[in-house]
Amino acid sequence: MTIRPRRLRTTAAMRSLVRETRVSPAQLVLPVFVRDGLDEPSPIESMPGVLQHTLDSLRREAVRASQAGLGGLMLFGVPLDGDKDAAGSCGEEPDSILNRGLRAVREEVGNSLVVMADTCLDEFTSHGHCGVLDARGRVDNDATVEAYVRLAVSQADAGAHVVGPSGMMDGQVLAIREGLDEAGHDDVAVLAYSAKYASAFYGPFREAVGSSLVGDRRTYQQDPANRREGLRETLLDLAEGADLVMVKPASHYLDVLADVAAASDVPVAAYQVSGEYAMIAAAAERGWITREAAMAESVTSIVRAGADIVLTYFALELAARS
Ligand code: PBG
């Protein structure tokens, strides 16, 4: 036998030399939650180690992220229950909790991190859907897109470098691009949640944002069974002017991610969602898997499949080991 692949696995130094995929803090984005009316940071039970932040603790988290060399933050806002209405209109107010969070973070870290905003209504609507409803109770695509444009402009006004429309409405990327440009925000980028699936793995996130949702999002988010459609959605977003595209969730959609990475001419992100985090955290708590190794393997696999950027709740923990 002359061909022995094991030669390249003999020592840690050799394995490191020939490693094909490396994950660096600069490509990681930490999702963070800021909640109105909190006196102190509040743990999210289904996401051990992840907190809902006050504006002050959010500032400190942003400084930590910057010092750790992360690529960016993705902000989600949790309003007071009493501020929610059917149209989710509290989100676009200049002093909405998310917009105050964006201002606070920009004040703290300037341009040393890429500051991203979730551009969606679900945190702000009384019914928890990602859009406004028509007379028959269906999510009204075009009226929702109009609301997204106002929301995105308010986020850019508040200092977001990137807006991230995550609601899977048709035409949302082009409308937001035009709205930002008209408002003089032509340098604010759009991260399109292009291939976003109606996933069971968003469960813990719904606790994190105090979601009011009854039912599901299957009329706007994609069917998990559809691979080709993930590419179609991505190509549409690219044609609409997306600066970055994303696949979400990540680990169970590596085939879609690889397709998107092969077709995209802009950087590709993947979102390791709350349920992916929670599974690793919970199994590790029980001693069934090793947290650090599982975390590293999961994110390495996402990068190996083609992600240039990974949104992950492990971002700070990963950066600490590199
Ligand atoms: C919706 C949104 C969701 C997530 C990010 N943005 C939830 C959903 O679509 O139901 C999920 C993120 C996660 O699970 O970590 N605006």
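Select Gly184 first: just after α5, this glycine takes a positive phi of about 85 degrees. Helices (H or I, at least four residues) and strands (E, at least two) are DSSP runs, numbered from the N terminus. Residues are numbered from 1 along each chain as its sequence is written. This is a predicted model, in which local features need pLDDT of at least 70, side-chain atom pairs count only at pLDDT 80 or more, and totals for chains, interfaces and linings use all residues; side-chain values use heavy atoms, with hydrogens and water left out.

**Stop 1: back into α5**

Select Gln172, Val173, Ile176, Arg177, Gly179 and Leu180. These residues of α5 are buried, that is, under 20% relative accessible area; exposed means over 50%, and partly exposed lies in between (1.4 Å probe, protein chains only). Now show what covers them: β5, α4, β6, β7 and α7 are included. Contact here means heavy atoms within 4.5 Å.

Step back to Met168, in the loop between β6 (162–165) and α5. Its phi is positive, about 60 degrees, although Met168 is not a glycine. Most residues other than glycine have a negative phi, and most peptide bonds are trans. Is Met168 buried or exposed? Met168 is buried, with a relative accessible area of 6%.

**Stop 2: helix α7**

Select residues 228–239, the twelve residues of α7. At 1.5 Å a residue they should span 16 Å, and the end C-alpha atoms are 17 Å apart, which agrees. The expected span is 1.5 Å times one less than the number of residues.

Colour Gly230, Glu233, Thr234, Asp237 and Leu238, which are buried. Look down the axis: the buried residues of α7 fall within an arc of 140 degrees, so they line one face of the helix. The arc is that of the directions from the helix axis to the C-beta atoms. An α-helix has 3.6 residues a turn, so residues three or four places apart point the same way.

Turn the helix over. On the other side, Arg228, Arg232 and Ala239 are exposed. The cover over the buried residues of α7 includes α5 (172–182), β7 (189–196), β8 (244–248) and α8 (254–263). Just after α7, select Gly241, with a positive phi of about 100 degrees.

**Stop 3**

Select Asp216, in the loop between α6 (203–208) and α7. At 40% relative accessibility, Asp216 counts as partly exposed. A polar atom of the Asp216 side chain lies 2.9 Å from the backbone nitrogen of Arg218.

**Stop 4: the ligand**

Select the ligand and the 17 residues around it; Arg206, Arg217, Lys248, Ser274 and Tyr313 come nearest. A residue belongs to this set if one of its heavy atoms lies within 4 Å of the molecule.

A nitrogen atom of the ligand is 2.7 Å from an N or O atom in the side chain of Asp122. An oxygen atom of the ligand is 2.6 Å from an N or O atom in the side chain of Arg206. At Ser274, a polar side-chain atom lies 2.7 Å from an oxygen atom of the ligand. How much of the ligand does the protein bury? Taken alone the ligand exposes 400 Å², and the protein buries 100% of that. Accessible areas come from the Shrake-Rupley method with a 1.4 Å probe; for residues, only the protein chains shown count as cover.

Stay at Lys248. The peptide bond from Lys248 to Pro249 is cis, with omega near -10 degrees. Pro249 sits in the loop between β8 and α8.

**Stop 5: helix α3**

Select residues 97–109, the 13 residues of α3. They should span 18 Å at 1.5 Å a residue; the end C-alpha atoms are 18 Å apart, which agrees. Buried here are Ile97, Leu98, Asn99, Gly101, Leu102, Ala104, Val105 and Val109. Their cover includes β1 (28–35), α2 (55–67), β4 (72–78), β5 (114–119) and α4 (141–157). Just after α3, Gly110 takes a positive phi of about 55 degrees.

**Stop 6: helix α2**

Select Leu58, in helix α2. At 0% relative accessibility, Leu58 counts as buried. Leaving out residues up to four places away in sequence, Leu58 touches Val32, Val34, His53, Leu75, Gly101 and Val105. Leu58 and Leu102 are 44 residues apart along the chain, with 9.7 Å between their C-alpha atoms.

Finish on Ser57, also found in helix α2. Ser57 is buried, with a relative accessible area of 4%.

Notes:
Polar contact = N/O pair within 3.5 Å; in protein donor to acceptor, adjacent residues only side chain to side chain.
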